[in-house]
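Here's a friendly walk through one protein model, a few pieces at a time. Have a look at the structure, then read on.

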Amino acid sequence: MKIGTPKETFDGERRVAMTPDSALALQKLGYECLIETGAGLGAGFSDEAYEGAGVEVIKTAAALWKEADIVAKVRQPNETELKRLTKDKTLISFFNPAANEAGMEAAKAKGANVIAMEMVPRISRAQKMDALSSMANIAGYRAVIEAGNNFGRFFTGQITAAGKVPPAKVLVVGAGVAGLAAIGTATSLGAITYAFDVRPEVAEQVESMGAEFVFLDFEEEQQDGAATGGYASVSSPEFREAQLAKFRELAPDMDIVITTALIPNREAPELWTEDMVKSMKPGSVIVDLAAEKGGNCKLTVADEKIVTDNGVTIIGYTDFPSRMAAQASTLYATNIRHMMTDLTPEKDGQIKHDMEDDVIRGATVTFDGEITFPPPPPKVQ
Ligand code: NAD
């Protein structure tokens, strides 16, 4: 069978779902690999590099979609791409199934099988295919780099001949995958780093990375943020008030605030209010990684960088992984390659779409002319 990767069509997207290295691995599974001309350029992979790895370069997207039995891409397909699906073609891509009924209906009508990368179950066996985590890791790292680029001071404290420089103080709100990556990056640059999450069980992880966990003066804290499957749930009004009071206390002292708080399938909770922004020092920076879901900071504008009247920079970019396209493509292509390995148990270049397999079943949102989303919970944790 042939597996092909088209150039991403989403405005400004620089990632690509196949790299020369991942293509070599896919060929070892027995597949022929195709790439649309120029698809890798935004991530630093030339057509020649793909050709050198035995990949056939195809001139147009239409021809690539026609020829490939399996299409691997990054962003959820647009209308034109959905029209290019045909019976028994397999698409592997982010698909946003919870908010993409039309996409699933279109794929179902065509009889195409869709594997949605955000649906890979978060069980140990599937970590190598967990593209949400690999992209969140990059977003957390890049958030700190972006903050540093907009912050006019050092992260680390220094004693120099020209004077003593205090270390920057960084607060990370939300210590999931992105938050932990941000904490690791900020501490390694020498900042004094604080972190908060509604899930108190992450305190130990936060502290082991050299940051200080911010505890609330809230008796029922241990019960709050109680979660299913490791995810946060909505906080009670009392807990939220205690959280906001703590943030109000911290805001004037923080140089950089990185917010990553999300609750699955909901708008991002608003945690950094206008008065907190107003109380921050000029030159401080907020990076809101929840901007795509409405933002954790009241003043965030998605896809923009703004500077408030009191000199606080608020960054609401929603394309952090694409800003590190080479790294993001390498990790994402590896996630896809591992998915293909599980789909090809005989290593014979033929997909075996085993709906009894927890991981494959969990990620499949249309199969054999049916919508198969949402999936049943995985049998093994
Ligand atoms: P996420 O992106 O859904 O949310 C980010 C963080 O925001 C979470 O830590 C959440 O607790 C926190 N949050 C929500 N509301 C908040 C609030 N009001 N204030 C402060 N923080 C708030 O999280 P994620 O990175 O996808 O991780 C979610 C869970 O999944 C974690 O338990 C993580 O360890 C787990 N996980 C497991 C695997 C695996 O087993 N393979 C892989 C990745 C993540």
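Which residues point one way from β10, and which the other way? Keep in mind that this is a predicted model. I192, Y194 and F196 point one way, while T193 and A195 point the other, and all of them are buried.

## A covered strand

Strand β10 takes in residues 192–196, and it's mostly covered: 5 of its 5 residues are buried.

Next to β10 you'll find strand β9, made of residues 169–173. The two pair in the parallel sense, over 5 bridges.

Now zoom out. There's an open sheet of 7 strands here, and reading across it the order goes β11-β10-β9-β12-β13-β15-β14, with mixed pairing. The edge strands are β11 (212–213) and β14 (305–307), each of which pairs on one side only.

Further along that order come β12 and β13. Strand β12 covers residues 256–259 and strand β13 covers residues 285–288; they pair in the parallel sense over 4 bridges. Here I258 has V287 in β13 as its bridge partner.

## Helices α6 and α7

On to the helices. Two packed helices are described by the angle between their axes and the distance between the axes. For helix α6 (residues 131–149) and helix α7 (residues 177–188), the axes come within 7 Å and cross at roughly 40 degrees. That's why α6 and α7 count as oblique to each other. The crossing of α6 past α7 is right-handed.

Who meets whom? On the α6 side it's S133, A136, N137, A139, G140, Y141, A143 and V144, and on the α7 side it's V177, A178, G179, L180, A181, A182, T185 and A186. Sorted by class, this contact has 11 nonpolar residues, 5 polar ones and no charged ones.

## Helices α1 and α12

How do α1 and α12 lie relative to each other? The axes of helix α1 (residues 20–28) and helix α12 (residues 325–343) come within 9 Å and cross at roughly 5 degrees. So α1 and α12 are roughly parallel to each other.

In this contact, S22, A25 and L26 from α1 meet A333, T334, I336, R337 and M340 from α12. The residues split into 5 nonpolar, 2 polar and 1 charged.

Note on methods: Residues numbered from 1 in each chain as written. Predicted model: local features only at pLDDT ≥ 70, side-chain atom pairs only at ≥ 80, totals over all residues. Axes fitted to C-alpha atoms, helices over the stretch in contact; angles between N-to-C directions. Parallel < 35°, antiparallel > 145°, perpendicular 65-115°, else oblique. Left-handed = near helix turned anticlockwise from the far one by under 90°. Contact = placed C-beta atoms within 7 Å. Nonpolar A, V, L, I, M, F, W, Y, C, P; charged D, E, K, R; others polar. Buried ≥ 20, exposed ≤ 12 C-beta atoms within 10 Å, placed from the backbone. Pairing = 2+ DSSP bridges.
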